[in-house]
Amino acid sequence: MIKCPSFVSKTIPVHGFDISDVRDTYRLHRGLKNIGVDSQMLVQNKQSYNYTVIFPASKLGKGLDKLKPTLDILPLQLYPQRDRTTYSVQWLPDNLVAQVDKINPDVINLHWINGGYLKIETIAKFNKPIIWTLHDMWAFTGGCHYNGDCINYTNSCGACPQLHSHKEKDLSRWIWQRKTKAWQDLNLTIVTPSHWLAKCAASSSLLKDMRIEVIPNGLDTKQYKPIQKSVARSILGLPEDKQLILFGAINSTSDPRKGFQLLQAALQNLGQAGWKERVELVVFGASEPNNPPELGFKSHYLGRLNDDISLSLVYAAADVFIAPSLQDNLPNTVMESLACGTPCVAFDIGGMCDMIQHEQNGYLAKPFDVDDLARGIAWVLEDKDKERWLSLSQRGREKVNNDFTLKAQAEKYINLYRSLFANKNRRC
């Protein structure tokens with residue numbers, strides 16, 4: 001009989017990390033608890049009062065953990081011309097093997113382990129079945145979290161474009177070699193939330209021989225649900241006589257990967273096409289800058305929203321949510337918006353097509369075509385046929401209920417945990 005598994009993960013990061021991945025992990029943790037699994041969450045920085053979230057560091061250790069994200073990226077100083085994107089080296093020593101041994105789980109489920117939390121070489125030292133849920137591409141690259149146009153991860157990394165390096169034996173090659181050496185005999189099971197990320201992992205030189213499973217993230221559909229628009233807008237102080245376009249992510253206007261620059265061009269096209277008096281823009285994840293960009297519409301900046309109640313209100317208040325990312329795995333924002341009955345428009349990239357069904361619950365634009373992105377927004381907002389919008393809304397909610405609930409996600413994970421634990425016992 002399997003002892004209920006625990007899982008190890010990285011939580012609230014201090015540097016360069018999309019907080020949505022923390023929410024993914026904590027949601028899974030809650031989902032497992034809800035179906036009777038004895039799940040515990042080992043973290044680097046604890047910001048929850050939940051006793052099942054474990055942060056075992058001493059006062060000195062807590063101080064060091066806060067410094068780790070900064071210390072981890074010190075080798076990047078060798079590349080002053082590098083892109084200012086998230087890049088993880090994972091070279092700092094850690095004490096996680098001893099911490100995990102005290103918990104004595106049946107299965108270890110790694111999540112986002114960066115920010116200096118877990119050294120590359122430590123993973124092979126865990127004497128337990130290991131599942132690694134990928135929230136980005138770092139596990140199979142030479143340090144970057146999203147590859148952009150580079151395909152070096154399919155070979156051996158080196159001459160890294162994000163480092164602006166022209167040397168084959170650069171930092172990315174060193175990181176790739178460390179992973180290759182440390183993980184060559186590792187029995188590791190990879191989980192990806194999207195089919196796109198699974199294909200990328202399968203094409204990588206580091207993970208191509210690993211078992212790869214696709215298990216989508218889950219969502220609490222009792223928290224994220226349709227709310228009457230007039231009520232949501234009244235609470236948030238948003239206009240009730242306009243159609244609202246919503247855009248949001250952590251660092252939504254400053255992270256180039258989130259595509260704000262392409263959204264800006266699409267919105268300007270819409271403004272010139274006669275939508276200016278009918279539509280206003282709502283942005284969360286960023287505060288209004290000192291010199292706001294010209295977007296063609298009156299804009300409402302809501303700042304950072306991290307709690308489920310505020311986010312569900314914002315989604316419900318909008319008529320359409322736009323996710324113009326250049327690369328993305330399975331963004332929470334799209335799933336949350338659909339659960340709240342708000343259609344989504346995005347480029348047909350990454351895991352977007354796992355959630356958005358073209359002209360069924362939203363619109364998938366041709367990648368990076370701002371004219372098509374503008375067409376998609378206008379198509380959803382077109383008010384000549386209210387029944388069509390209601391149908392889009394209903395199908396979006398149905399998609400989440402059918403494919404992305406916490407219960408479905410947790411059950412798939414527990415089945416995977418049990419299969420690994422059973423295989424381990426048979427080998428013994």
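Modeller: What follows is a chat about a predicted model.

Colleague: Let's start with the cysteines, then: how many disulfides does a search of the whole structure find?

Modeller: The search finds 0 disulfides. Cys340, for instance, is in none, and the nearest cysteine sulfur, which belongs to Cys344, lies 9.7 Å away, whereas a disulfide would need the two sulfur atoms within 2.5 Å.

Colleague: And is Cys340 buried or exposed?

Modeller: Cys340 is buried, because its relative accessible area is 4% and the cut-off for buried is under 20%. Cys353, with a relative accessible area of 43%, is partly exposed.

Colleague: What follows H9?

Modeller: Gly341 follows H9, and the phi of Gly341 is positive, near 80°.

Colleague: At what angle do H9 and H12 pack?

Modeller: H9 and helix H12, which spans residues 386–403, pack at about 115°, and their axes are 7 Å apart. On the H9 side the contact involves Met335, Leu338 and Ala339, which meet Gly396, Arg397 and Val400 of H12. Sorted by class, this contact has 4 nonpolar residues, 1 polar and 1 charged.

Colleague: Changing topic: what is the strand order in the open sheet?

Modeller: The open sheet has 4 strands in the order E4-E5-E6-E7, and the pairing is parallel. Strand E4 (108–110) and strand E7 (211–214) stand at the edges with a single partner strand each, so one side of each has no neighbour in the sheet. From one strand to the next, the twist averages 25°.

Colleague: How many bridges join E5 to E6?

Modeller: There are 4 bridges between strand E5, residues 130–133, and strand E6, residues 188–192, and the two run parallel. As one example, Thr133 has Val191 in E6 as its bridge partner.

Colleague: Last one, on Asp372: where does it lie, and is it buried or exposed?

Modeller: Asp372 lies in helix H11, residues 370–381, and Asp372 counts as buried because its relative accessibility is 5%. Leaving aside residues up to four places away in sequence, Asp372 touches Tyr363, Leu364, Ala365 and Lys366.

Key:
Residues numbered from 1 in each chain as written. Predicted model: local features only at pLDDT ≥ 70, side-chain atom pairs only at ≥ 80, totals over all residues. Heavy atoms only, no water. Buried < 20%, exposed > 50% of the residue type's maximum accessible area, 1.4 Å probe, protein only. Axes fitted to C-alpha atoms, helices over the stretch in contact; angles between N-to-C directions. Contact = heavy atoms within 4.5 Å. Nonpolar A, V, L, I, M, F, W, Y, C, P; charged D, E, K, R; others polar. Pairing = 2+ DSSP bridges.
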